[in-house]
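Open your viewer and get the selection tool ready. We will take a short walk together, one stop at a time.

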Amino acid sequence: MEKIRAKHIIAMLLVLAAMAALCACNAQQADVPLASEAEIYEMQRLYRSSSLVVVAKCLRTHTDASGNVCCDVSVERTVAGTPEHLGKTLHCPLGSMKEGEEYLLYLAKGEDVYQSEDMDSFKIVGDTAFRIKNDVVYVSGSVIDMSSIETAISQAGSIISVQSESLYYKNIAALSEGSDYIFIGRVKEAPAIKPMAFRSHENGATIENELPASLLTVEVYGSVKGSLKYGSEIQVVYCPTMAEGMIDASTLKPAACDPAKLPVPVEGDTYLFFLSKGPDEKQDYYFGVNPLQLMAQLDDNDRVNVDGANRALSSFRSLDAVVRNIRKALNG
C-alpha cells in the first residue's frame with residue numbers, strides 16, 4: 001500500500017510540475033498570476049464531484065419560471081464523461097456566464113426543465129463557470145493552461161472507481177433484481193491480467209490500491225434487462241480478487257468463495273452477463289454484480305454452465321429457462 005501511495009504522490013507531483021510549467025508560459029503572455037496549488041486541488045475536487053466535465057459556449061441567458069437567471073450552453077468538447085452530450089444544448093441554473101464566451105464546466109445531473117423537453121438540465125458543481133480564452137482557464141483571477149487540466153483529469157481517470165462492496169445472491173430472483181444489466185454477449189478480447197489501480201469510497205474515506213485485473217471487451221447480443229443495444233461494445237472489469245470481499249445480500253455476512261470456482265472469460269465464447277455500472281458516471285466501465293456471478297457460459301446448444309457455488313443459476317441447464325425466470329422475477 002505504501003508503494004502504491006508513493007506512486008500516486010510522484011505522479012501527482014509530476015502533474016503539478018507540468019501544470020506550473022505550462023501555466024507559466026500563458027501567465028507571462030496574459031500578465032495574470034498562476035493558479036495556486038490550493039486552486040489546482042480545488043479543480044481536482046470539483047472533478048471528483050462531477051458526472052460530466054465539458055467545454056461549452058454560452059448561447060443565451062434567461063429567467064426561468066421560478067425567476068432564477070439561467071444559461072443555455074452548447075457543448076463543444078467533452079473533457080470527462082460519456083460523449084453523448086457533444087453538440088447538445090444544456091440548461092444550467094447559473095446566470096454569471098456571458099453570451100458568446102467559452103467556459104469549463106463541472107456538471108452534475110440536475111432536475112427537469114419546465115418547457116425545455118429538448119434540453120438536459122445540469123447543475124454546475126461549486127456554482128462556478130471557469131472562463132476559457134485561447135486555451136487558458138481563468139480561476140479566481142489566476143490561470144491554468146487547459147492542457148494541464150486535461151492531463152490531471154486523465155491521471156485521475158486512469159484509476160478505476162469501484163463499489164466498496166460486492167453482493168452475492170442466492171436465488172435467480174434476487175440476482176435479477178440486483179443486476180443493472182443482464183444480456184447475452186460475446187467476449188471479443190480478454191487481455192492478460194495485470195496490476196490495475198482502483199479507487200473506492202467507504203465510510204467517508206477514499207481507498208486506493210492495485211489489484212490484478214483485466215478489461216474485457218464484450219459485444220452485446222441480446223438484452224434481458226437494461227438499456228444496452230445489440231452490437232454495442234462495452235468494457236467489463238474482470239477482477240477475481242474482488243471475490244475476497246463478497247457479502248451475502250440476504251444476510252450481509254461475508255460470502256467466502258474458492259477462487260477456483262470463479263468463471264474465467266475465454267475470447268470468442270458467449271456468456272449470459274449480470275452486470276452493474278461503475279459508481280463514477282464519467283467512466284464507462286461495467287462490473288459483475290460479483291466475480292462469481294459475473295457471467296454464465298453458454299455452449300452451442302444454449303446450455304448454461306456455471307459452478308455449483310453460483311446457487312442462483314446452478315439448478316438451470318437451458319438458457320430459455322433462465323431467461324423465463326429472470327423475466328418472471330422482473331415482471332412480478
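Which residues have the most contacts inside the largest nonpolar core? Select M43, V53, L104, Y106, F130, V137 and I149: these hold the most contacts inside this core, which has 21 residues. A nonpolar core here is a set of buried Ala, Val, Leu, Ile, Met, Phe, Trp, Tyr and Cys residues joined through side-chain atoms within 4.5 Å. Buried stands for under 20% relative accessible area, exposed for over 50%, and partly exposed for what lies in between, with a 1.4 Å probe and protein chains only.

Before moving on, a word on what you see. This is a predicted model, in which local features need pLDDT of at least 70 and side-chain atom pairs count only at pLDDT 80 or more, while totals for chains, interfaces and linings use all residues. Residues are numbered from 1 along each chain as its sequence is written, and side-chain values use heavy atoms, leaving out hydrogens and water.

Next, click on F130. Among the residues F130 touches are M43, L46, L104, Y106 and V137, not counting residues up to four places away in sequence; contact means heavy atoms within 4.5 Å.

Now select helix α2, residues 37-49. Helices (H or I, at least four residues) and strands (E, at least two) are DSSP runs, numbered from the N terminus. Look for E39, I40, M43, Q44, L46 and Y47, which are buried in α2. They cover an arc of only 155° around the axis, so they sit on the same side of α2; the arc is that of the directions from the helix axis to the C-beta atoms. Turn to the face away from this buried side and you will find the exposed residues A38 and R48.

Move along to strands β12 (residues 194-202) and β13 (residues 205-225). They pair in the antiparallel sense over nine bridges; strands pair if DSSP finds at least two bridges between them. A197 stands opposite E210 in β13. The two strands form a hairpin with two residues between them, and N203 in the turn has a positive phi of about 55°. β12 also runs parallel to β9 (residues 160-161), joined by two bridges, where S161 has R199 as its bridge partner.

For the last stop, visit L252, in the loop between β15 and β16. Its phi is near 60°, a positive value in a residue other than glycine. Is L252 buried or exposed? L252 is exposed, with a relative accessible area of 63%.

Note on methods: Expected span 1.5 Å × (residues − 1).
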